[in-house]
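Here is a short briefing on one protein model. Look over the sequence and structure first.

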Amino acid sequence: MNKKNLTDMPEWKALEAHYEKVKELHMRDMFASDSERAARFSIKAEGIYFDYSKHRINEETMRLLIALAKASGLQEAIEDMFSGKKINNTENRAVLHTALRAPKDAAVNVDGVNVIPEVHAVLDKMEKFANKIREGSWKGFTGHPIKNIVNIGIGGSDLGPVMAYEALKDYSRRDLTFRFVSNIDSTDFFEAVEGLNPEETLFIVASKTFTTLETMTNAKTAREWCLNALKDEKAIAFHFAALSTNAKAVSDFGIDTANMFAFWDWVGGRYSMESAIGLSTMIAIGPDNFKKLLEGFRSIDNHYRTAPFEKNIPVIMALLGIWYADFYGAQGMAVLPYEQYLKRFPAYLQQLTMESNGKGVTRDGRKVNYETGAIYFGEPGTNGQHSFYQLIHQGTKLIPCDFIGFAKPLHAIGRHHDLLMANVFAQAEALAFGKTKEQLEAENEKPDLIPHKTFEGNRPSSVFLLEKLTPETLGKIVALYEHCVHAQGIIWQLDSFDQWGVQLGKILAGKIAPELENKEIPELRHDSSTNSLIAEYRRMRK
C-alpha cells in the first residue's frame, strides 16, 4: 500500500495541473460538443443505471483519477479487506462486514479461523427466533404473544435498524409494532413505549460489550418499566433479547443467554445492519426477505471486488467525491432519495460516511494537508426542493448531489410516480445546465429580475436509477456507499474503520454527570465557561 504523502504523488500533481486546464469548463459546452457523453459516462451493472455524465469531468479527468486510485493501491486494499487482513490499523482488527453476507460455502479466515460458519450459525439462530415472534409462538411472561418490538441501541445499532425498517416498511408485518430508542434523552424512551402493553412487548438490547452508556441506561429503564407492570424478575427473560458478546453481563441483567445473538469485533457498528444488529429487521420483514437483503449486498460486493475501475460504480463515486473535495474545495454532499420509504437513509449515511472518513491524520499518524470526508445531508422526494435546493442551485457553495430514483412505485396512485421522477430528471438537468441571461432576455423577462432568475448551472450530480425499492435493492444501495467510503479512505490514506473522535466527549461527560447529580461537590475543575454552565444548571434544577 502506498506510503508516500498523497499530495507528493505524481498522479496527484497531474490532477492538479489538469484541474487548472478544465476548472472553467461548463457542462453546457461539454454536452453540446459530445452527443455520446451520456453513454460515455454511465454504467449499467447489478440492476443499477448510474449516470455520472453531469459532472465537471472529461475522459482525461477520469483517466487521471483512476490512475490515482491504482497508484494508491486500491485494488490490493480491496483484496485485503475481503480476505480478512487486519486493515483497521489503530485497533488491529479485520474489517469484514462483507463476510456477513457471504454465502455458506465461502471461506474467510481471521486469525486462522474461517468465520463464515459462525456467521451463518447466528443467521440461523436469528431466523428461528424471528419466526417464533412472527408466528406468535413466542409468548410473554403472562402468556400473551409479542406484538411490540422495541430496539434499544445507538449509532450503528440504531441507525441501521431504523433505516432498514423504514425503507422496507412495505414488506413488514403491519400487525407488529416496531419502535426504536437511541437517545439518552428520557423523552425518546417515553415516546417509544407510549401506548404499549408490557405483556406484549419485547425489547432488543444492542450493545456489543453491554456497557454502552446510552443503551444500558435505556435498557435499565426498560427493565424497570417491565417490572412495574409484571412484578416478577423472571419476566425479564420473556421480554428481552440481547445483541452482545458479553454473556455474563447479559445474564446478570436477567436475559437468558439462549436469547443472546453474537457479533464480532471485525464488524464496525456502522457496518453491522446485516449482522445480529438486524434482528429487528428480520422480525419485521421475515427471514426470506432478509436473505434477499443480503443478496443485494453480496452482488455489489462482487461488483466492487471484480469490476475494472473504469466500470466500478463505488470506485467512480469515490473518485468524484475526491475530485470535488480536494480540487474544487467542495465541503458538502447531498444525497437525495426520491422514495419516501428512504427518509432515514441520509441520516444513516451521515454516520457511515462522516464517522468513517472524518479524519485529519493518515493511517500512520501524519497530519493530512488535503480535504477528507464531506458533510453529508439530504431529504427524501420533493421535500428538499422546498428547503435547501435554493442554496444548491444559486448559492455560493458547490455541493455535488446524488439522486436516487426507482422506475416502479411501491404504491401506484394516479400520476404521483411520474411526477416524482420528473422532478429527479429535471433537478439534475437544471443543476447541470442552468438558465442564462440570454435565455431570460429571449423570454422578455424584466431586466431587474434577470440577475435573480439566472442559474449559472455547472452544478454536478449523479443519478442512480433502479427498478423498484426491494430488500435486494436496499442492500445494493447501502453497499455502494460502504465501498465508496472504503475506496475514498484508501486514497486519502485514512483508517476508515476506527472512530476515536467520539471518545473524548464521552469521557468528559462521565466526569461531569456526577457534578450535575451531586450538588455537594464543592469544587469544579473545568474551564470557567463549563464551571458556569454547571452552576447555572444546578441553580435551575433547584
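The notes below cover a pocket, a helix residue, aromatic rings and charges over rings.

This is a predicted model: local features need pLDDT of at least 70, side-chain atom pairs count only at pLDDT 80 or more, and totals for chains, interfaces and linings use all residues. Residues are numbered from 1 along each chain as its sequence is written, and side-chain values use heavy atoms, with hydrogens and water left out.

**Second largest pocket**

- The second largest pocket has a volume of about 420 Å³. A pocket here is an open set of points on a 1 Å grid over the protein atoms alone, where a 1.4 Å probe fits, with protein on both sides within 12 Å along at least five of seven lines. Grid points are joined across faces, edges and corners, and the volume is the space filled by probe spheres set on them.
- Its lining holds 17 residues, counted when an atom is within 4 Å of a point. Glu339, Gln340, Tyr341, His411 and Leu420 lie nearest the centre.
- The lining divides into six nonpolar, seven polar and four charged residues. Ala, Val, Leu, Ile, Met, Phe, Trp, Tyr, Cys and Pro count as nonpolar, Asp, Glu, Lys and Arg as charged, and the others, Gly among them, as polar.
- Helix H17 (residues 416–433) gives the most to this lining, with three residues. Helices are DSSP runs (H or I, at least four residues), numbered from the N terminus.

**Threonine 281**

- Threonine 281 is found in helix H12 (residues 279–285).
- Threonine 281 is buried, at 2% relative accessible area (buried means under 20%, with a 1.4 Å probe and protein chains only).
- Leaving out residues up to four places away in sequence, threonine 281 touches Pro161, Ala164, Gly286 and Phe290 (contact means heavy atoms within 4.5 Å).

**Aromatic rings**

- The structure holds 30 aromatic pairs. Rings of Phe, Tyr and Trp (its six-membered ring) pair if their centres lie within 6.5 Å; planes under 30 degrees apart count as stacked, over 60 as edge-to-face and the rest as tilted.
- Tryptophan 264 and tryptophan 266 are stacked, 4.9 Å centre to centre with 0° between the planes. Tryptophan 264 is buried at 10% relative accessibility, and tryptophan 266 at 6%.
- Tryptophan 323 and tyrosine 328 have ring centres 5.5 Å apart and planes at 80°, so this pair is edge-to-face. Both residues are buried.
- One aromatic cluster is formed by Trp12, Tyr19, Trp323, Tyr324, Phe327, Tyr328 and Tyr370.

**Charges over rings**

- The charged end of lysine 125 sits over the ring of phenylalanine 261, 5.1 Å from its centre (NZ of Lys or CZ of Arg within 6 Å of the ring centre and within 35 degrees of the ring normal).
- Arginine 223 lies over the face of phenylalanine 253, 5.6 Å from the ring centre.

Note on methods:
Helix = DSSP H or I, 4+ residues; strand = E, 2+ residues; numbered from the N terminus. Buried < 20%, exposed > 50% of the residue type's maximum accessible area, 1.4 Å probe, protein only.
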